Amino acid sequence: MRPLKLIMSAFGPYAGQTVIDFSQLGEQGLYLITGDTGAGKTVIFDAVSYALYGQTSGGVRDANMLRSQYADADTPTFVELEFSFRGKCYRVKRNPEYRRPAKRGTGMTKEKAGAELYYPDDRVPVTRMSEVDKSIVELLGLNHKQFTQITMIAQGQFRKFLDTNTDERSKIFRDLFHTYFFQQLQDKLKQDAAAKRNEFAEQQRRSEQALNGISCIYPAYTEQLQSFALRHYEGCVEEVLTLVDTITALDEKEQQQVAAAAAIVTKNLTALQDSLGAIAKKQQLEKYMQTTEAKMVSMQKQLEQEAAAAVQRQEALQKLEAEVNEAQKGEVELAQLQTERQQLAARQRELLQLQDMQQRYQRQEVVLLQKRQEYKQACDNFNHLNELSDTCFDRFLSAQAGLLAHDKLKPGKPCPVCGSCEHPQPVQLAQDAPTENDVEQARAKAEAAQKIRDGLIGEGKALKEHLELDKTLLLGKGVELLGYDDLKLIAERAQSELKDVNNKITALRLKMGFLQEKVEQYRKLAKTLEQQKAVDKQAEAAAQSIRQQLAGAEGQLQELKKQLAEQNELLTDVDEQKLQQEHEKLLVQQRELELQDKRLYAAIKNNQRIKQEVSGYEARRAACEAEYSLINSLSATLNGTLTGKKRVNLETYVQMHYFDKILQRANVRLLHMSRGQYELCRDKMQDADSKTGNSKTGLDLEVKDYYSGNLRSVKTLSGGESFMASLALALGLADEVQSCAGGIQLDTMFVDEGFGSLDDSSLQQAIATLQGLSEGHRLVGIISHVHDLQEMIDKKILVRKKRGQQGTGSEVALVVD
C-alpha cells in the first residue's frame, strides 16, 4: 500500500481543507515530516490510519474527538486518502461523528460517522462503515493493529513489540502468519481430552450410583456390600456383580416358596368364600323380598289414588266442555257482526267520497268567482293603461314641432319642412312634453296589462269547463248512491245517511267488543280443555304402567320366596360368625404373602437391572479410559503441558520458526546500525527454566552483546539502543510478512520520532539502514525534530502553526529538492 494523496478537512489542527500530494515524493526513498511542536505532524499518520481503518495510528486520539477546534461551523470534517495497491488506485473517505449547523431552521444537529470506498474498476462503491472496514482488511491483508505494528512505528510505541512477552507476540503472529489452525487443533484436543475425562468419570459415577441401589436382606452379604461401597467399588466391580448373582438366586428360591404357600391360602379362601357367598345371597334375598313387598303396597295405594282422581277429572272435563260450547256461539255471532260492519264501512266510504266531490265542486265555484273578479280588474287596468298610452303618444306628436324649432331652426338656415330661411314665429317647446322613451314605457305597460287580461280569460274558461265536468260526475254519483239529481238534495241526503251509518258502526263496535271478550274466553277454555284431556290421558297411561309393574312384582315376589327356601335348606347347621373369623384370618395371610412376593420380585428385577447397567457402564468406562489416555497424551504434547518438558505448544513451535526468520532479517540491520555490537536472539534459557511453570514460552527475546560476549534482556538496552533494536525488528517483521504472505505488499513505512536518542554515528547508521530499506520501491516517512536529519533528507513535509488574519490552525508545505 502506497499513499498518493491525502485530504484533511477540519481534522485535528487543520482548520480548512489541507491536501498532501505524496506522489510528488516519488516511489522510493526517505522523506522527513518536520515543523513546529504541536503543529500536527503525527496527525498526518493519524489521518492515513483513520482513512483506512477508522482509528488513529497511536490509538491515543478518539475518532469522535478529531474535529478541528479551529474550523468554521460550516466546514465539514472528513479525511480522504487515495492510495495504490498492486498497481491499482483506490480511494477511501471517512468522517467522524460531529455536530454541525442544521440545514433547515436554526440550531445544531449531529452528523453521523460515515465511510466510502471506491474501486479502480466498475464495482459499486462500498458505503456502509462495517463493509468498508471489512473490505480494507481483505484488500491489504492487515488489520489496524497489524498495520500500525508493521508499517507505523508510532511515537512512544518503539519498545512495545520489542519488550512484549510470548503471549502477546503469539497473538500478533497468529494473525500475520495464519497459525489459527494449530491453535484450533490444540484447543480441540484439549476439549476432546476433557470430554473423555468427564465421560470416564461419568461412567464411573453412574456405575457407583447403580451399585449403591442393590437390594439385599441377607446380613452377611449386606456387610460385604457395605465394605465394597466404602472403597467406592474401586477394582471390585466384578466381585460385586458375582455377589449380586448369589443374592438373586436366593431371592428366586424364596419367591418360589412364597408362591406355593399363597396357592394353598387361595384355595382355602375360595372354598370359604363360597359358603359366605351363600349366606350373603340369603341375606340379599330377604332384603330384596322386603323391598318388593313395600314397593307393591306403595303401587296399590297409587292405583287407588289415581282412580279417585280420574273421577274428579271426568267431572271437570264435562263442565269445561259445556262452557266451551256456550262460548263457541259468540264466535259465530262475532263473524256475522264483522260482515255487517264491513258492509257499513263500505257504504261509509262511498258517502264520504261523495261529500269530498261536493266540497271540491264548491271550492272550484269559489275559485271561478275569484277569477271572474280578477278578470274584471284586469280589463279595467288594461283600458286605463291603454288610454294613458294613447294620450302620451298624442302629446308626443304635438310636441314634435317644438322640438324641430328648438333643435333645427337657426337664423339664416332653411327650415327642414318648408325651406324658408326666415323664422318669425317658431313654436315654443312645452315643459312637460313626453319623450320617445316615455311613449315606449307607456305602450309596454299597456301591452303587459293586455297579456294579464288574456291569460285570465284562458284560466277562467278552463276552470269553468272543469267545474261543469265535476258537476256532471257529482250528479251521476248522487243518482247512483241516493237516487237524486239535485245538488242540494244530494248534499242533504248524503249527510243524513252518513250520520245514520256512523251511529250503526259505533253500536256494532261496542257489541263486537263484548263478543270479542267472549271469543277470547272461548279460546282459553278450549285450550284448557285440550290440556286437561292430555293430562287425563297421561294419568291413565301412568296408572296402566303401575298395574303392569304391580303384576310383575307379584311374580318376582313368588320367585324370591322359592329361592329363599332353597338357600335355607343349604345353610342348615352353618355358623356364620366362625366362617367370618376364618375368612379374615386367610385374607391377612394372603396380603402378607402378596407383599412378600412383590418385594422379592422387585428385588430380583432391581438387581438384574443393576447388573445389566453396571456391565454396560464398565464396558464404556474401559473404552473411555483407553481413548482418554491416548488423546490426553497427544493434547499434552501439542499444548506443551507434558511434565518435565518445555512449555511450548504446537502453535508457538510453528511461530518460533517464523520468529527465527524475522530475527535473521532484523539482525542484518541491527548489526549494521550497532556496528556489530548487538544481535537479537530467542531466550532459550527461559525455555529451559520453564519446564514445570505455567507461563507460556518460546517467543521471548534477549540480546547478545558481542563487545562483552554476554546475553542479556532487551529491557536493559538504552533508549537509543532500544530504538535501533525496535526499528530493526519492525523492518525484519515487515520483510518476513511480505515474504510469507503473497497477498500483503508494504510499499510504505512511517517512523514517528525516536532518532533524538541516537548519537551521530548511530544516527548515520539508522538513516543508512532506512535508505537501504527504501531502495526496494519503498517510501519511508520520518517524523523528527533532529536538525541533522533535515540536512540528510532532501524531501520534506513542513508543518507550521498559523495565527493571524488568514485564520488559526496548521498548514502543510512540500519541499522536494
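Visitor: Which strands form the open sheet, and in what order?

Guide: In this predicted model, the open sheet is formed by three strands, ordered S10-S11-S12, with antiparallel pairing. Neighbouring strands in it are turned against each other by 35° on average, direction ignored.

Visitor: What makes S10 and S12 the edges of this sheet?

Guide: S10 and S12 each have a single partner strand, so one side of each is left without a neighbour in the sheet.

Visitor: What makes S11 and strand S12 (residues 710-713) a pair?

Guide: Four bridges join S11 to S12, and the two run antiparallel. At least two are needed, so S11 and S12 count as paired. Val703 has Arg712 in S12 as its bridge partner, and Asp705 stands opposite Asn710 in S12.

Visitor: What lies between the strands in the hairpin of S11 and S12?

Guide: Four residues lie between the strands of that hairpin, and Gly709 takes a positive phi near 80°.

Visitor: Why is strand S11 described as largely enclosed?

Guide: A residue is buried when its relative accessible area is under 20%. Four of the five residues of S11 (residues 701-705) are buried, so the strand is largely enclosed by the rest of the structure.

Visitor: Which helix lies across S10 and S11?

Guide: Helix H13 lies across S10 and S11, and runs at about 175° to S10.

Visitor: Why are H5 and H13 called roughly perpendicular?

Guide: The axes of helix H5 (residues 166-176) and H13 cross at roughly 85° and come within 10 Å. The range for roughly perpendicular is 65 to 115 degrees, therefore H5 and H13 are roughly perpendicular to each other. The residues of their contact divide into three nonpolar, four polar and three charged.

Visitor: Which residues of H5 and H13 meet?

Guide: From H5 these are Thr166, Arg169, Ser170, Phe173 and Arg174, and from H13 they are Glu651, Thr652, Gln655, Phe659 and Ile662.

Visitor: Which residues touch the most other members of the largest nonpolar core?

Guide: That core has 90 residues, and Leu6, Ile44, Leu52, Phe83, Leu680 and Leu729 touch the most other members. Helix H15 (residues 719-740) gives the largest share of this core, 10 residues. Another core lies apart from it, with 17 residues, among them Ala210, Leu211, Leu241 and Val614.

Visitor: With which residues is Leu680 in contact, leaving aside its neighbours within four places in sequence?

Guide: Leu680 is in contact with Leu162, Leu663, Asn667, Leu670, Leu701, Glu702, Val703, Val714, Ala725 and Leu729.

Visitor: What is the phi of Ala10?

Guide: Ala10 has a positive phi of about 50°, although it is not a glycine. Most residues other than glycine have a negative phi. Ala10 is found in strand S1 (residues 2-11).

Visitor: Why is Ala10 called buried?

Guide: Buried means under 20% relative accessible area. Ala10 has 0%, so Ala10 is buried.

Visitor: What makes Arg675 partly exposed?

Guide: Partly exposed lies between the 20% limit for buried and the 50% limit for exposed. Arg675 has a relative accessible area of 43%, so Arg675 is partly exposed. Arg675 also has a positive phi, about 55°, although it is not a glycine. Arg675 is found in the loop between helix H13 (650-673) and strand S10 (678-682).

Visitor: Is Arg86 buried or partly exposed?

Guide: Arg86 has a relative accessible area of 44%, so Arg86 is partly exposed. Its place is in the loop between strand S4 (78-85) and strand S5 (88-95). The C-alpha atoms of Arg86 and Asp747 are separated by 9.5 Å, and the two residues are 661 residues apart along the chain.

Technical notes
Residues are numbered from 1 along each chain as its sequence is written. This is a predicted model: local features need pLDDT of at least 70, side-chain atom pairs count only at pLDDT 80 or more; totals for chains, interfaces and linings use all residues. Side-chain values use heavy atoms; hydrogens and water are left out. Buried means under 20% relative accessible area, exposed over 50%, partly exposed in between (1.4 Å probe, protein chains only). Axes are lines fitted to C-alpha atoms, for helices over the stretch in contact, and angles run from 0 to 180 degrees between N-to-C directions. Angles under 35 degrees count as roughly parallel, over 145 as roughly antiparallel, 65 to 115 as roughly perpendicular and the rest as oblique. Contact means heavy atoms within 4.5 Å. Ala, Val, Leu, Ile, Met, Phe, Trp, Tyr, Cys and Pro count as nonpolar, Asp, Glu, Lys and Arg as charged, and the others, Gly among them, as polar. A nonpolar core is a set of buried Ala, Val, Leu, Ile, Met, Phe, Trp, Tyr and Cys residues joined through side-chain atoms within 4.5 Å.
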